Amino acid sequence: MKEHIADRLGVILKELGVEAQVKLDYPENPEHGDFSTNIALAYAKKMGMSPRALAENIVDEFKKNIPESVASVDIAGAGFINFKIKEEVFAKEIVSIASAGAGKIAHNYGKLAVNSGKKILVEYTDPNTFKTFHIGHLMANAIGESISRLVEYSGASVVRICYPSDIGLHIAKSIWALEKHKDEMPPDSAPIQDRTAFLGKMYVEGTRLYESDPAAKDDIDALNKVIYERSNPAINALYEKGRRWSLDHFEMLYAILGTHFDEYIYESEMAPVGLEVVKAYLAKGVFEESEGAIVFKGEQYGLHTRVFINSHGLPTYEAKEVGLNMTKFKKYPDTEQSIIVTANEQNAYFKVLIQAISMINAEQGAKTRHIGHGMLRFSSGKMSSRTGNVISAESLLADIKELVRNKIAERKFTPAEAEEISNDIAVGAIKYTILRSSIGGDVIFDSAASISFEGDSGPYLQYSAVRATSILAKAKQEGIFENADISVAGTGGAILLPEKVSLLEKLITRFPDVIERAQHEYAPQHVANYLITLAGAFNSFYASQVIVDKNNNFSAYYVALTKVFVATMTNGLWVLGIRVPKKM
RNA sequence: GCGCCCAUGGUGAAAUGGAUAUCACAACAGUCUUCGGAACUGUCGUUGGGGGUUCGAAUCCCUCUGGGCGCACCA
């Protein structure tokens, strides 16, 4: 219905002498109608008329051939043109979505084709072996997963890439301490959390001595080179063991978070690739030598200089990232866009990196996009994995899960159900808290207990879907809607449509637009925001009348509406990476 | 010091240059003999200061104040 009106307006405007893309807004105030446009305001000056006069011209022209779905057109305020759509149009739309078939509706409502045929790479999470998987990684994972799903929902094919760090100075620090504490090392049979916690402690100790003890620093630098060259079998064995422990633990966390990766590219593999590329382009003048290192001079582009190969001849993070980028495009040559999600403290660094990549391969540079996210902050101050002052993703999850367990304790669930439900709700609560805010900003947790399950929260959304689903079960039992003749194309259909629809119907029909905008801007918060409004609209609808009622002729319609709500909520939550439990 | 980012009710957030700035939490006052109360309804209260651009600014520009991040061999 929206496109129809926009096209008509485009034609009218063109006849008046302006070529313009007409955009229809959803006014926040329902009194302003279902759609609104400010074209008269935007083009009045260009056409030498007052906005009011232009609006009147447009509306007169529009009324000569008014689309059937439109109930009224008005001019309001300084020159806004407002459209009201006939109530029955929304009601019919709802029934038509509900009638599309169970499989189709659950999986497809809101799914777009705007990016079909495109391949988009999304790299996110990027944890460090030998270090704790902390809440920063959790945040990157929630955001990256949601961006991936948005891209998928826009019709593109997504390759989810994880780039775990398994080489570099931090590993040398850990292994150096590990060697000293070999006897305390937990056996392979110990719980994985204990084993990786031990690795994390070793990293903290190694870092402390690297910074305070010059002899230790020299040792660690030397060890770093040994690890790169893989020249010492005993060190290699320690390295392999620790690396495996970390990677196994990460997999466990991905399963809990409901994420998976299509492609793992390890930093250790990128070291030789990056080294080679940087050396090749040193000869071509992209990089230059400075104080024994190989650097990229960013100043001429308004950026800063960064070291790509250090004076020991080892590739830094920068060179390895160059190798990573080359590798991505080599493996997926038909890539349309390559997205990298990291913390925003790396924003300036990525500007330098993408500039350097552009000089090596202009097309790849143009297709690569960095998205920086904010941090999870606590009132206690900045988290640092260097000092061991970190909050692991696991401990945050465990705390929230505990709250959920207490909350559902009085309900009769089997232990297996309780485990699954509390996990889904805990993950939903955390992911929603992260995704409701715009990506670039920080998210503040005062404490785990501050996560409320009421109002603006993930569990509130999950709950609304679960409750609506149980209403559908009751409706099915009573044979409402499922047995009804759902054809409403004519007026002869058995479903009686209401004369007036609520905000719920209108919101549901906007869902595809919300997805499109969120995808286009890589902004999951638009989806989160929308879902909260949607859940509120459903809860109000639910509170205002009985849905399943054999004696009410409108009951079939209410059930159809509930069904479409469940589909919309479920799909919206899926985009956020949040599961809807069967019960809660 | 240089560069980038941020500042919205008591708190946490949203908002394509558009209409009376939108939510939630908290507080206060209510609803209902649950189709699942993790609910619903209502009240209260907001764009850091100062200039500018614009028909129109939370949004764009300048400036001040206050915060965050980055700035050569960490990732």
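This is a predicted model: local features need pLDDT of at least 70, side-chain atom pairs count only at pLDDT 80 or more; totals for chains, interfaces and linings use all residues.
Over how many bridges do β2 and strand β3 pair?

Residues are numbered from 1 along each chain as its sequence is written, and chains are lettered from A and ligands numbered from 1 in the order in which they are written.

To the question, then: β2 and β3 (residues 80-85) pair in the antiparallel sense over 6 bridges. Pairing here requires at least two bridges found by DSSP between two strands; strands (E, at least two residues) and helices (H or I, at least four) are DSSP runs numbered from the N terminus. Valine 70 has isoleucine 85 in β3 as its bridge partner.

These strands belong to an open, antiparallel sheet of 3 strands, ordered β1-β3-β2. Its edges are β1 (35-37) and β2 (70-76), each pairing on one side only. Neighbouring strands are turned by 20° against each other on average, direction ignored. For axes, lines are fitted to C-alpha atoms, for helices over the stretch in contact, and angles run from 0 to 180 degrees between N-to-C directions.

Helix α3 (residues 51-63) packs on this sheet, touching β2 and β3, and its direction makes about 165° with that of β2. Contact means C-beta atoms, placed from the backbone, within 7 Å.

I turn now to a helix pair. The axes of α17 (residues 458-477) and α20 (residues 555-575) come within 9 Å and cross at roughly 145°. Among the contact residues are Leu461 and Ala465 of α17, and Val559 and Phe565 of α20.

Conventions: Two residues are in contact if their C-beta atoms, placed from the backbone, lie within 7 Å.
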